[in-house]
Amino acid sequence: MGKKYSRPQALTDVVTHYCPGCGHGILHRLVAEIIDELGIRGSAIAVAPVGCAVVAYDYWDIDCAEAAHGRALAVATGLKRVQPDKIVFTYQGDGDLAAIGTAETIHAANRGENLTVIFVNNAVYGMTGGQMAPTTLLSQKTATTPRGRQAATEGYPLKISEMLALLNGVVSVERTAVSSPKEVLNTRRAIKDAFMNQMERKGFSIVEVLSMCPTYWDKSPVDAARWIAEEMVKYFPLGKIK
Amino acid sequence: MKKTILYSGNEAMGEAAIRAGLKFYAGYPITPQNELTAYMADQLPQRGGIFIQSESELAAINMIFGASAAGARVMTSSSSPGISLKQEGISYIAGAQLPAVIINVMRAGPGLGNIWPAQSDYFQATKGGGHGDYHLIVLAPASVQESFDLTRLAFELADRHRIAVMVLSDGLLGQMMEGLTFDEELAPPPAVEKPWALTGARDRKPHVVCSLFMKRPDVEKNNLILQKKYRRVVSREVRYAETFMDDATMAVVAYGSVARIAEAVVRRLRAKGKRVGLFRPVTLWPFPAKRLADLSRRVKKFLVVEMSYGQMVEDVRLSVEGRAAVSFYGRSGGGVPTESQIEREILKSLSAPLKRRGR
């Protein structure tokens, strides 16, 4: 019987800095598997965000730019426009993509840049110590919403994927999760579709992935996964948005 | 074949960039540099390049970060308030050692100020501007012709040193029209190997373009690499122009459009027998400190004239190290020093007694 499971070539052989139960490790692996499967290791270029995934370039064995906070899609626009035959993708968190980088996100999408975006929504700023993110749920406690997020003062969680789906330049928007094996497999399929859209020169594709942050949700890894399935999906429903 | 056309400074910088092999330009509308962005929108796509009107100054500078990381010759342009917005990206470009050309057609500040010419971004341009220990090469044209020539040079220097180069123009130089002469057959500066570029890791180890170094000693290491580069730039790339400096006993120091006005005054006073000269820094960073230091051993009076309330004058004082008297005249906020104002200041300086200095 052959070997069924091994490290993808596009994933470096190092231990990540991510916390136990964090979704980034799963997602990094999925991206690497898809790069291998599509045979694009030699043409893929990643743009890492500022946030927990800031050193993603240490984990993927491909060319990578590290962008300023929120500017990943502007950097990706420059990379892709001058070499349209390369496969350029950004990997961004909720603060990066939907707060400080909102303008870059919306305008890259609206220009229909032929890019792939992996948007990791874990409802919190992880790198800086668990502050409120644009996607933090109502009542969710964070370092900067110590009594829980209130709509009256902090507004509602931002549904940026639904907003992006309105734009003519966007070809595909999908929301998935990594909270169960079934959802992981579906996320893998969605990310692969988003890369294939780019390879087929269709335009801007984004996959929003609901991902666990046990550390700043103050939950065990198992409870964190359950919280996605039971709470997060109520506000951020899974499925194809466009 | 040489060709002479009537062009504005803004258009001249655009034409020079395209002829220097510019591949990617991103810009955002702001007066008084709009002609340059419009020139790029019209010309660049039909001459093999890519033009994007970005959604913001931040996006523009980060787009050129990306395109430069891919190995392309890149440029963005703006005017003072827009350049302030770009500072984050400029700092990242410096940290990641990306070649880039940035045009600043300066206008009056602080804040929104107004759209009239100024030179009040000297500190920002030459001392860093954004966070961290870094420098840009800063080139200061004083004519439409030089706007063209120095923009071409900016691309050469950017590639040669893996550095961002700022062409520091102003609203007067950008808007005015003069004859511009260039060789139509002149090829772009030769392409430079960019073995660090992000082109896909086919059959090689991956490249990373970043300004982040998580381990503490690594940032210091990167900073030492930058400092070494800056020392190399200081030793090789200083440029300046001198008029009547051979026998001058007093020198006006001015750059850019102010140097043009000062030159007219200096020429007139020379005709009257006054031993006045003009020293014009062409590179504001690296500043021609050594040449000024040498001059200060025989020229004992310097008058610095700027469209600011005294920025470059600090570098002149640091250069002469007390060996000569340095006086200053400046206007800022849209006011341009007139010939008569500069003449008055020169005569004042000439007639002032030299202070005896202790050792």
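What covers the buried residues of α4(B)? I looked this up first, and the cover includes α3 (57-69), β4 (74-78), β5 (100-108) and β8 of chain B.

I am working on a predicted model, in which local features need pLDDT of at least 70, side-chain atom pairs count only at pLDDT 80 or more, and totals for chains, interfaces and linings use all residues. Residues are numbered from 1 along each chain as its sequence is written, while chains are lettered from A and ligands numbered from 1 in the order in which they are written.

I took helices (H or I, at least four residues) and strands (E, at least two) as DSSP runs, numbered from the N terminus. I counted a residue as buried if 20 or more other C-beta atoms, placed from the backbone, lie within 10 Å of its own. By that rule 12 of the 16 residues of α4(B) are buried, so the helix is largely enclosed by the rest of the structure; among them are B:I83, B:K86 and B:Y92.

I then found a kink of about 50° in α4(B), centred on B:K86, the bend being the angle between axes fitted to the seven residues ending there and the seven starting there. Just after the helix, B:Q97 takes a positive phi of about 55°.

Turning to the domains, I noted that an automatic or database assignment divides chain B into domain 1 (2-236) and domain 2 (240-351). Their contact (C-beta atoms, placed from the backbone, within 7 Å) takes 26 residues from domain 1 of chain B and 22 from domain 2 of chain B.

Notes:
Two residues are in contact if their C-beta atoms, placed from the backbone, lie within 7 Å.
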